[in-house]
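Try each task before you read its solution.

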Amino acid sequence: MTIFLQASFEGLALGAVYSLVAIGFVLIYKAMDVLSFAQPALAVVGAGIISALAVDRGINFWIAFIIALIATGLLSAILERTFLRPMVGEPVFAVAILTIGLDIILRTVLDDWIGLNPRSMGDPITTWGEFGSLTVLNNYGGVIMKFQEMGALITALVSVLFLRYFFKISKYGIAMRATSFDQEASLAQGINVGRIFGLVWFIAGILATFAGFFITGGFNLLTQASFISALRALPAVVIGGLDSIPGAIVGSLIIGLTQGYVGYYQFPFESATGIILGSGFSLLAPYLIMFVILIIKPDGLFGTEEVERV
Amino acid sequence: MKGRPKLYTNYQKETAILNTTTQKVWALLGLLLLIISSFYLSQYWMFLVTTALLISIAAWGLNIVSGFAGQISLAHGAFIGIGTYVSAVLGGVGSAYIRGYELDMLIWLPLAGIVPALVGLMVAPLAVRLKGLNLGLVTLGLVYISSFIFSNWKSVTGGSGVGRKTARLKIFGIDFNDGFYLGSYHIEKNQFIFFLSLLLFILAGAGIKNLMRSKIGRAYAAIRDRDIAAEAIGINLYRYKASAFALSSFYAGVSGAIIFLMSGGVDPSQFNLVYSVTFIAIVIIGGAGTVLGPLFGAVFFSLIPGVIKSLIHFFGAYGQLLPLHPTQIERLIFALLLIGFLIFEPRGLWGVWFRLRNYFKAWPFSY
């Protein structure tokens with residue numbers, strides 16, 4: 001039971017981290033029909049900026065964190081303005097490949113900067129509680145909750161609530177919904193569609209930085225492989241449906257929980273049945289789930305079905 | 001009739017694989033140049049040219065499925081990996097931990113194509129059910145699944161970070177690994193592989209040209225342009241999408257087997273997402289949906305390392321002076337070119353060549 005609770009909690013926290021990246025994916029896809037493969041790289045860029053400011057420059061961590069949020073958001077908006085704006089109206093796949101190109105550039109520069117040794121974020125989280133964690137539910141055997149994981153859950157929750165409010169009430173939120181519904185009609189209504197695109201990428205960049213921090217913060221550290229964790233938000237988006245924010249959250253939780261359970265139960269399962277799944281299976285499981293769901297429901301669990309005419 | 005090269009008096013002549021005198025002359029000149037240069041180029045450039053030939057075979061493979069049939073495949077690198085491992089297991093030397101049967105090349109080379117083709121057929125049901133981005137994402141999943149299998153199936157691949165040796169070059173029971181004597185002339189292993197690649201390259205090129213002028217090629221083009229309309233005029237979507245995937249994987253497997261035969265060893269972590277994306281980039285930079293395009297792209301991609309190396313030598317900048325490693329510079333240049341071509345010239349190098357050609361064709365009345 002303890003293991004189950006522990007696995008569930010860690011899975012939920014992972015799901016929260018993925019959902020931060022996943023919401024960015026969905027926002028961009030809804031606004032401009034672009035699947036941005038550069039999102040995971042932006043997450044790592046955000047983490048890199050935090051590390052560069054807080055560790056290399058010695059700036060207070062919280063200030064560095066805020067600077068990184070804004071800087072990554074701006075970088076993401078600049079990328080959109082320079083590389084993606086000329087591609088409006090081009091085939092979806094061409095734009096997706098272009099974002100892969102962006103992703104390669106960002107990662108090549110970043111990998112060179114990170115080098116072979118893992119980098120710390122310089123965050124104070126590891127000094128809180130018992131090495132950055134808290135043990136709760138002691139009468140059930142004790143579940144270890146890291147502050148970082150709690151932070152991820154809270155951040156995800158707050159972001160979702162904020163976005164909900166933002167889309168319902170604010171002027172720009174409504175303009176965004178209009179843009180995602182019909183770009184030309186919203187242009188005719190006087191909405192500055194280009195500014196909306198920039199804003200969407202800005203928000204996606206900020207969300208990616210949060211995710212990047214929760215992936216690399218604490219004892220996890222920033223390595224050249226951190227990027228792969230952020231990329232796992234992609235199957236999450238696909239499972240939920242590319243154009244649905246609730247879908248992105250549900251998909252992320254599915255992926256996170258799967259990863260948590262597989263991580264804890266793989267070894268007992270292997271020793272009980274004799275079937276060897278192999279090392280790193282918990283990283284593969286999300287893609288297997290994506291496979292199954294796409295075969296059953298090609299547009300994801302919550303995605304709108306595409307209607308095609310000849 | 002002599003002065004009128006564009007006058008076709010029958011259908012066979014018009015649909016010939018090389019249907020104009022210019023094409024024939026260029027093809028012949030190119031071949032001659034390749035064969036002659038093979039005796040003069042240094043080992044390093046020889047290696048690059050052979051790689052260019054082999055990579056263009058793989059790029060043609062991707063072009064069949066993505067350029068002609070319009071089905072997105074991010075898993076091309078995985079199929080290359082399957083072909084490589086089939087050849088390594090059948091033709092390689094075994095040990096206590098790693099399987100290897102030391103068979104003849106005449107056995108492993110066809111199988112290195114056929115096995116990936118069968119795997120490609122297994123992917124086909126997905127391709128029929130999905131389209132566009134979703135298909136791309138599923139093939140992205142395939143990349144991860146295959147690299148998981150590659151790094152865990154240690155008796156075949158040696159495990160990641162360790163790798164294994166690839167096939168030995170043995171034809172008709174004769175071992176070519178240390179070169180052989182043709183009369184008094186010594187032909188080295190890599191030179192032999194060059195001629196083998198050239199032969200495969202010609203076969204593959206003729207194959208793809210032939211495919212494009214046949215019923216199958218027309219069906220692919222129809223599916224690419226509008227799959228629903230294609231189905232409505234009686235094209236069996238399942239059969240043609242499946243055959244596109246199978247053919248593309250066949251090309252990938254064969255070229256992979258020889259690429260890694262040349263380098264001698266293979267590590268499973270090589271077949272990652274970037275490797276697959278490289279081929280997409282080659283096809284896009286070259287020009288998707290054309291026969292010459294992937295060839296341009298492959299030559300361009302394979303010769304970049306050599307050019308960068310010579311430039312670094314030329315300017316006398318070494319190691320510490322450069323902010324980035326040469327392979328990183330290559331990757332950056334390649335990514336920038338990919339983006340640049342997508343934005344400014346979606347038809348790729350082929351499009352550039354096409355405009356140049358038309359400019360000089362109409363000269364001095366070009367505008």
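**Exercise 1.** What percentage of the 367 residues in chain B is buried?

*Solution.* This is a predicted model, where local features need pLDDT of at least 70, side-chain atom pairs count only at pLDDT 80 or more, and totals for chains, interfaces and linings use all residues. Residues are numbered from 1 along each chain as its sequence is written, with chains lettered from A and ligands numbered from 1 in the order in which they are written. Call a residue buried if 20 or more other C-beta atoms, placed from the backbone, lie within 10 Å of its own. By that test, 43% of the residues in chain B are buried.

**Exercise 2.** Why does the radius of gyration of chain B agree with that of a compact globule?

*Solution.* Start with the rule: 2.2 Å times the number of residues to the power 0.38, with the radius taken over C-alpha atoms. For 367 residues this puts a compact globule near 21 Å, and chain B has 21 Å, so the two agree. The C-alpha atoms of chain B fill a box of roughly 65 × 50 × 50 Å along the principal axes.

**Exercise 3.** Which residues of chain A does A:Val21 touch, leaving out those up to four places away in sequence?

*Solution.* Count a contact when C-beta atoms, placed from the backbone, lie within 7 Å. A:Val21 then touches A:Gln39, A:Pro40, A:Ala43, A:Leu207, A:Ala208, A:Ala211, A:Ala230 and A:Ala233.

**Exercise 4.** How many residues of chain A are in contact with chain B?

*Solution.* The contact pairs 32 residues of chain A with 34 of chain B.

Technical notes
A residue is buried if 20 or more other C-beta atoms lie within 10 Å of its own, exposed if 12 or fewer, and partly exposed in between; C-beta atoms are placed from the backbone. Two residues are in contact if their C-beta atoms, placed from the backbone, lie within 7 Å.
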